[in-house]
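My notes follow in the order I worked.

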Amino acid sequence: MKLVPLGDRVVLKQCEAEEKTKSGIILAGQAKEKPQEAEVIAVGPGGVVDGKEVTMQVTVGQKVIYSKYAGTEVKLDGEEYIIVKQNDILAIVE
């Protein structure tokens, strides 16, 4: 199966959480904070959303930073994805 976002939605796949801190301390499963960095898997067409013209500014394959509590988590074929509005993406990581 494949996720195809509508409107100004973007499908993200979260990057793996760090196993160690920068100082070398290994983190237990619950201590790991979910990263806010993700890879763009699919991008909606944009167009007119809520009466406003929306141009999509991200493309598939880019790494992005998104709002901490944004989006809807979805599990498909054993993989976890997050569907967010383009407004919830804060930056592109280059």
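I started with the contacts: among those in the protein between residues at least 6 apart in sequence, 64% join residues at least 24 apart. By contact I mean heavy atoms within 4.5 Å.

I am working on a predicted model, where local features need pLDDT of at least 70 and side-chain atom pairs count only at pLDDT 80 or more, while totals for chains, interfaces and linings use all residues. Residues are numbered from 1 along each chain as its sequence is written, and side-chain values use heavy atoms, with hydrogens and water left out.

**Overall layout**

I looked up the secondary structure and found zero helices and eight strands. Along the sequence the pattern reads β-β-β-β-β-β-β-β. Helices (H or I, at least four residues) and strands (E, at least two) are DSSP runs, numbered from the N terminus.

I then checked burial: 26% of the 94 residues count as buried. My cut-offs are under 20% relative accessible area for buried, over 50% for exposed, and partly exposed in between (1.4 Å probe, protein chains only). The protein exposes about 6,700 Å², and carbon and sulfur atoms supply 51% of that. Those areas come from the Shrake-Rupley method with a 1.4 Å probe; for residues, only the protein chains shown count as cover.

**Salt bridges**

How many salt bridges does the structure hold? I got three, taking a salt bridge as a side-chain nitrogen of Lys or Arg within 4 Å of a carboxyl oxygen of Asp or Glu.

Lys13 pairs with Glu79, with the closest N and O atoms 2.6 Å apart. Lys13 sits in strand E1 (residues 9-14) and Glu79 in strand E7 (residues 79-85), so this pair ties together parts that are 66 residues apart in sequence. I have Lys13 as partly exposed at 30% relative accessibility, and Glu79 is partly exposed too, at 31%.

Glu39 and Lys63 also meet through their side chains, at 3.9 Å, N to O. Glu39 belongs to strand E2 (residues 37-43) and Lys63 to strand E5, so the pair ties together parts that are 24 residues apart in sequence. Glu39 is partly exposed at 30%.

Asp8 and Arg9 form a salt bridge at 3.3 Å, N to O. Asp8 is buried, with a relative accessible area of 6%, whereas Arg9 is partly exposed at 33%.

**Lys63**

I went back to Lys63, which is in strand E5 (residues 63-66) and is partly exposed at 32%. Skipping residues up to four places away in sequence, Lys63 touches Cys15, Glu37, Ala38, Glu39, Ala91, Ile92 and Val93.

**Leu12**

Is Leu12 buried or exposed? Leu12 counts as buried, at 0% relative accessibility, and is found in strand E1. Leaving out neighbours within four places in sequence, I listed its contacts, among them Val40, Ile41, Val64, Tyr66, Tyr81 and Val84. Glu39 is on that list as well, and the C-alpha atoms of Leu12 and Glu39 are separated by 5.5 Å despite being 27 residues apart along the chain.

**Gln86**

I have Gln86 as buried, with a relative accessible area of 12%. Not counting residues up to four places away in sequence, Gln86 touches Asp8, Val10, Val54, Thr55, Met56, Gln57 and Val58.
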